[in-house]
Amino acid sequence: MGALETSEACRKWKEEFELDIPVVADDDGTLFRRLTNGWVPCNILVGPDGRVLFTENEFDEAAYSIAID
């Protein structure tokens with residue numbers, strides 16, 4: 001999801017794409033400002049231990065799927 005998204009929007013997006021990973025809201029844009037270079041879109045996959053596992057400026061579904069697996 002994007003910066004300034006609501007929890008409800010994140011829940012709907014997660015359901016739409018049948019994701020079994022957490023999708024969190026960034027209500028005030030804090031995560032976006034701390035983790036990105038300001039580029040939109042910016043996709044970040046964070047592991048359960050808090051480490052950034054994957055990041056990219058465009059959405060590459062194949063690369064994201066590999067990172068999730």
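Buried means under 20% relative accessible area, exposed over 50% and partly exposed in between, with a 1.4 Å probe and protein chains only. The model is predicted: local features need pLDDT of at least 70, side-chain atom pairs count only at pLDDT 80 or more, and totals for chains, interfaces and linings use all residues. Residues are numbered from 1 along each chain as its sequence is written, and side-chain values use heavy atoms, with hydrogens and water left out.

**Exercise 1. Salt bridges**

Task: Determine how many salt bridges the structure holds, and identify which residues are linked in a network of them.

Solution. 

Step 1. The criterion is a side-chain nitrogen of Lys or Arg within 4 Å of a carboxyl oxygen of Asp or Glu. Under this criterion the structure holds 3 salt bridges.

Step 2. Arg11 forms a salt bridge with Glu8, and their closest N and O atoms are 2.4 Å apart. Helices are DSSP runs of H or I with at least four residues, strands are runs of E with at least two, and both are numbered from the N terminus. Arg11 and Glu8 are separated by about one helical turn because they are 3 residues apart in helix α1.

Step 3. Arg11 also forms a salt bridge with Glu15, with 2.6 Å between the closest N and O atoms. These two residues both lie in helix α1, 4 residues apart, again about one turn of the helix. Glu8, Arg11 and Glu15 are therefore linked in a network of salt bridges.

Step 4. Glu15 is exposed, with a relative accessible area of 51%.

Step 5. The side chains of Arg51 and Asp49 meet in a salt bridge at 2.9 Å, N to O. Arg51 is exposed at 52% relative accessible area, and Asp49 is exposed at 53%.

**Exercise 2. Glu56 and its strand**

Task: State whether Glu56 is buried or exposed and which side chain of opposite charge is nearest, then describe how β1 and β2 pair.

Solution. 

Step 1. Glu56 is found in strand β2, residues 52–56.

Step 2. For charge, Lys and Arg count as positive and Asp and Glu as negative, while His and the chain ends are not counted. Glu56 is buried yet has no salt bridge, and the nearest side chain of opposite charge, Arg51, is 18 Å away.

Step 3. Contact means heavy atoms within 4.5 Å. Leaving aside residues up to four places away in sequence, Glu56 touches Pro41, Cys42, Asn43 and Tyr64.

Step 4. Two strands pair if DSSP finds at least two bridges between them. β1 and β2 pair in the antiparallel sense over 4 bridges, and Asn43 stands opposite Glu56 in β2.

Step 5. The two strands, β1 and β2, form a hairpin with 5 residues between them, and Gly50 in the turn has a positive phi of about 90 degrees.

Step 6. Strand β1, residues 43–46, has a covered face made of Asn43 and Leu45, and an uncovered face made of Ile44 and Val46.

**Exercise 3. Aromatic pairs**

Task: Find how many aromatic pairs the whole structure contains, and classify each by its geometry.

Solution. 

Step 1. Rings of Phe, Tyr and Trp (its six-membered ring) pair if their centres lie within 6.5 Å; planes under 30 degrees apart count as stacked, over 60 as edge-to-face and the rest as tilted. A search of the whole structure finds 2 aromatic pairs.

Step 2. Trp13 and Phe17 form a tilted pair, 5.3 Å centre to centre with 55 degrees between the planes. Trp13 is partly exposed at 32% relative accessibility, and Phe17 is partly exposed at 46%.

Step 3. Phe54 and Tyr64 form an edge-to-face pair, 5.2 Å centre to centre with 85 degrees between the planes. This pair links distant parts of the chain, with Phe54 in strand β2 and Tyr64 in helix α3, 10 residues apart.

Step 4. Phe54 is buried, with a relative accessible area of 16%, and Tyr64 is buried at 12% relative accessibility.
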